[in-house]
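Subject: Structure handover, with notes on side-chain contacts

Hello,

Here is the structure I said I would pass on. My notes on its aromatic contacts and salt bridges follow below.

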Amino acid sequence: MATPAHSLSYAGSNFLRQRLVLSTLSGRPVKIRKIRARDDDPGLRDFEASFIRLLDKVTNGSRIEINQTGTTLYYQPGLLYGGSVEHDCSVLRSIGYYLESLLCLAPFMKHPLRIVLRGVTNDQVDPSVDVLKATALPLLKQFGIDGESFELKVLRRGMPPGGGGEVFFSCPVRKVLKPIQLTDPGKIKRIRGMAYSVRVSPQMANRIVDSARSILNKFIPDIYIYTDHMKGVNSGKSPGFGLSLVAETTNGTFLSAELASNPQGQGTAMLPEDLGRNCAKLLLEEIYRGGCVDSTNQSLALLLMTLGQQDVSKVLLGPLSPYTIEFLRHLKSFFQIMFKIETKPCGEELKGGDKVLMTCVGTGFSNLSKTLK
């Protein structure tokens, strides 16, 4: 752990999660001012307050100060503690919003994390639990985070606006991470998917599958899309349907895309056929962008490379998303680490968009939270 350094200061509500997660890992306090100071409704939103409460539950000794209007936040991180936790997430954002950060923190806890999260499992903003399970877990395994207790499962589905979903996530702890060399994504060998429907006709899921296959079958024969129709208590409080698709390559890279229907009472109704076709096109676009990590998990890969042993890690990514670019700036502020970025224009053998090769030497971060007997 870093020695307590001077606190970093930021303004505005953007990238709040990034700052708090990196603050927790590096041990550097942060002060964030002017959070939506000019809005009619200033200050932290419900889902951000819920995220801060979650951080408080998984750490021990964190100091959190928020002023009366909620426009200034001071966060002094404690030690990552872990253990068994339950948390009710805000229904304004999906559980993916909270899980993405937990995936960054879980390997460095004192006790293995076992957490039950309740709220919205699939929405149109954040990565769904299905996609994180299919793409982020294999990525963590590349860094040596694996074991029987490493799982993520959907116990109940919940769609916005009502929520009512439930997810269980458990992760073992690791002292150090392995450096990685992911430079060859390989070729797409199969596509798997999950079409889900809750509180609507089960036929919806079948219609989504047929329309998605109508596009993907032109490219590859090995396609299997499961249908998941949850009934009764397990179907949450609001109706909805959606699709998540994952393409796997010969070298064990996973690229994903997903779509969910509009929340009940918001926007125009969406036909399952349109949703299936649009999601298939999104997957093709993600494959075109390519790289060894899909755009949802770019920042997770870069963070784990930063926290690796003092050895060289390389990863080939598609075009960097704006979120990832900001994340690289934050990594420099919190860990004083710079990545070497080389662009790889798409030649004959590299089909698709231009790629970026990211190289760094890990900071040698190790998990010091050993239990004292």
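Predicted model: local features only at pLDDT ≥ 70, side-chain atom pairs only at ≥ 80, totals over all residues.

Searching the whole structure gives eight aromatic pairs. In one of them, the ring centres of F47 and Y97 are 5.4 Å apart and the planes stand at 90 degrees, so this pair is edge-to-face. F47 belongs to helix 2 (residues 46-58) and Y97 to helix 3 (residues 95-105), so the contact ties together parts that are 50 residues apart in sequence. F47 and Y97 also belong to one aromatic cluster with F51 and Y98.

A second pair is F108 with F365. Their centres are 5.1 Å apart and their planes are at 85 degrees, so F108 and F365 are edge-to-face. F108 sits in the loop between helix 3 and strand 8 (111-119), while F365 is in the segment after strand 18 (355-361), so the pair ties together parts that are 257 residues apart in sequence. F108 and F365 are both buried.

Salt bridges

The search of the whole structure finds 19 salt bridges. One joins R207 and E273, with the closest N and O atoms 2.9 Å apart. This pair links distant parts of the chain, R207 being in helix 5 (residues 203-216) and E273 in helix 6 (residues 272-289), 66 residues apart. R207 is partly exposed at 31% relative accessible area, and E273 is partly exposed at 24%.

E326 and R329 also meet in a salt bridge, at 3.0 Å from N to O. They are three residues apart in helix 8 (residues 322-335), so about one helical turn separates them. E326 is buried, with a relative accessible area of 17%, whereas R329 counts as exposed at 51%.

The side chains of K340 and E342 form a further salt bridge, at 3.8 Å from N to O; E342 is partly exposed, with a relative accessible area of 26%. Elsewhere, a network of salt bridges links E86, D88, R118 and E166.

Annotation

An unreviewed UniProt entry places the feature "domain: RNA 3'-terminal phosphate cyclase insert" at residues 183-287. In the model, the end C-alpha atoms of residues 183-287 lie 15 Å apart, and the span is 29% helix and 34% strand.

Regards

Technical notes: Residues numbered from 1 in each chain as written. Heavy atoms only, no water. Phe/Tyr/Trp six-rings, centres within 6.5 Å; stacked < 30°, edge-to-face > 60°. Helix = DSSP H or I, 4+ residues; strand = E, 2+ residues; numbered from the N terminus. Buried < 20%, exposed > 50% of the residue type's maximum accessible area, 1.4 Å probe, protein only. UniProt positions renumbered as here; feature names shortened; annotations may be inferred. Salt bridge = Lys/Arg side-chain N within 4 Å of Asp/Glu carboxyl O.
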